[in-house]
Amino acid sequence: MTEGSLARRYSKALFQLARETGQEEAVGAEVEQFHADYSSSDLQPVLTNPAFPVETRKQIFAQVARSEQLSSLTVRFLSMLLERDRLGHLPGIVSCYRRLLNDAKGRVDAKVVSATTLDAAMVERVRGQLQAISGKQVILQQVVEADLLGGLQVELEGKIYDGSLRTQLEKMKQRITRGY
């Protein structure tokens with residue numbers, strides 16, 4: 001997901017406020033959970049619909065915030081986004097906030113794509129190699145794509161390491177067509 005400058009500014013401000021109170025992990029988790037609930041339900045069209053008065057939308061949001069037991073900082077932040085019609089920037093805010101939090105905690109997100117589910121030993125081996133490359137604790141996300149045939153594709157800090165069988169076969173095909 002691409003983040004706009006607006007999403008970066010909002011996420012930096014939220015992160016600084018959360019850090020001042022020592023709640024950066026909790027606030028990040030709350031905003032991510034709200035985003036997941038918000039984007040996978042009927043809540044999104046209701047809270048962004050200008051046909052409903054802002055006060056009505058704020059009351060609906062307050063009920064959701066109570067049911068999710070959000071902290072006061074998270075409630076104030078999300079209320080401000082609602083009032084300013086900025087909830088559409090929530091995916092970018094969540095992404096940028098996660099990156100800020102990971103940077104502050106010395107972590108990095110990585111994605112490993114394989115043809116089949118990797119066993120625990122292989123996951124730990126890959127995690128160890130990625131930690132050696134990045135120098136940070138690696139939070140590994142596994143994705144299975146059957147059309148990969150074999151091998152791995154790894155995305156780490158914006159770089160893609162492609163050791164998939166499909167790519168190797170394609171490179172071999174190119175070398176053969178070039179004559180060497």
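## Helices H2 and H4

Helices H2 and H4 pack at an angle of about 125°, with their axes 12 Å apart. Here an axis is a line fitted to C-alpha atoms, for helices over the stretch in contact, and angles run from 0 to 180 degrees between N-to-C directions. H2 and H4 are therefore oblique to each other; angles under 35 degrees count as roughly parallel, over 145 as roughly antiparallel, 65 to 115 as roughly perpendicular and the rest as oblique. Their crossing is right-handed. A crossing gets that label if the near helix is turned clockwise from the far one by less than a right angle, and left-handed if anticlockwise. Helices (H or I, at least four residues) and strands (E, at least two) are DSSP runs, numbered from the N terminus.

From H2, the contact draws on Gln33, Phe34 and Asp37, and from H4 on Phe61, Val64 and Glu68. Contact means heavy atoms within 4.5 Å. By class, three of these residues are nonpolar, one is polar and two are charged. In this scheme Ala, Val, Leu, Ile, Met, Phe, Trp, Tyr, Cys and Pro count as nonpolar, Asp, Glu, Lys and Arg as charged, and the others, Gly among them, as polar.

## How to read the model

This is a predicted model, in which local features need pLDDT of at least 70, side-chain atom pairs count only at pLDDT 80 or more, and totals for chains, interfaces and linings use all residues. Residues are numbered from 1 along each chain as its sequence is written, and side-chain values use heavy atoms, with hydrogens and water left out.

## H4 against H5

H4 (residues 54-68) also packs with helix H5 (72-83), at an angle of about 155° and with the axes 11 Å apart. That makes H4 roughly antiparallel to H5. The crossing of this pair is right-handed. On the H4 side, Arg57, Lys58, Phe61 and Ala65 make the contact, and on the H5 side Val75, Leu78, Ser79, Leu82 and Glu83 do. By class, the contact has five nonpolar, one polar and three charged residues.

In the loop between H4 and H5 you will find Gln69. Gln69 is not a glycine, yet its phi is positive, about 55°. With a relative accessible area of 67%, Gln69 is exposed; exposed means over 50%, buried under 20%, and partly exposed in between (1.4 Å probe, protein chains only).

## Inside H5

The twelve residues of H5 should span 16 Å at 1.5 Å a residue, and its end C-alpha atoms are 16 Å apart, which agrees. The expected span is 1.5 Å times one less than the number of residues. Leu73, Thr74, Phe77, Leu78, Ser79, Leu81 and Leu82 of H5 are buried. Their cover includes H1, H2, helix H3 (43-47), H4 and H6. Just after H5, Asp85 takes a positive phi of about 55°.

## H2 against H6

Back to H2 (residues 24-39), this time with helix H6 (residues 90-105): their axes come within 10 Å and cross at roughly 155°. That makes H2 roughly antiparallel to H6. The crossing is left-handed. In H2, the residues involved are Glu24, Glu25, Val27, Gly28, Val31, Glu32, Phe34, His35 and Tyr38, and they meet Leu90, Pro91, Val94, Tyr97, Arg98, Leu101 and Lys105 in H6. By class, this contact has nine nonpolar, two polar and five charged residues.

His35 gives a close-up of this meeting. His35 lies in H2, and its C-alpha atom is separated by 7.2 Å from that of Pro91, 56 residues apart along the chain. Leaving aside its neighbours within four places in sequence, His35 is in contact with Leu90, Pro91 and Val94.

## Inside H6

At 1.5 Å a residue, the 16 residues of H6 should span 22 Å, and its end C-alpha atoms are 22 Å apart, which agrees. Buried in H6 are Leu90, Gly92, Ile93, Val94, Ser95, Cys96, Tyr97, Leu101 and Asn102. These pack against helix H1 (5-20), H2, H5, strand E1 (107-114) and strand E2 (137-144). After H6 comes Gly106, whose phi is positive, near 70°.

## A loop between strands

Glu157 lies in the loop between strand E3 (151-156) and strand E4 (159-164). Glu157 has a positive phi of about 50° although it is not a glycine. At 44% relative accessibility, Glu157 counts as partly exposed.
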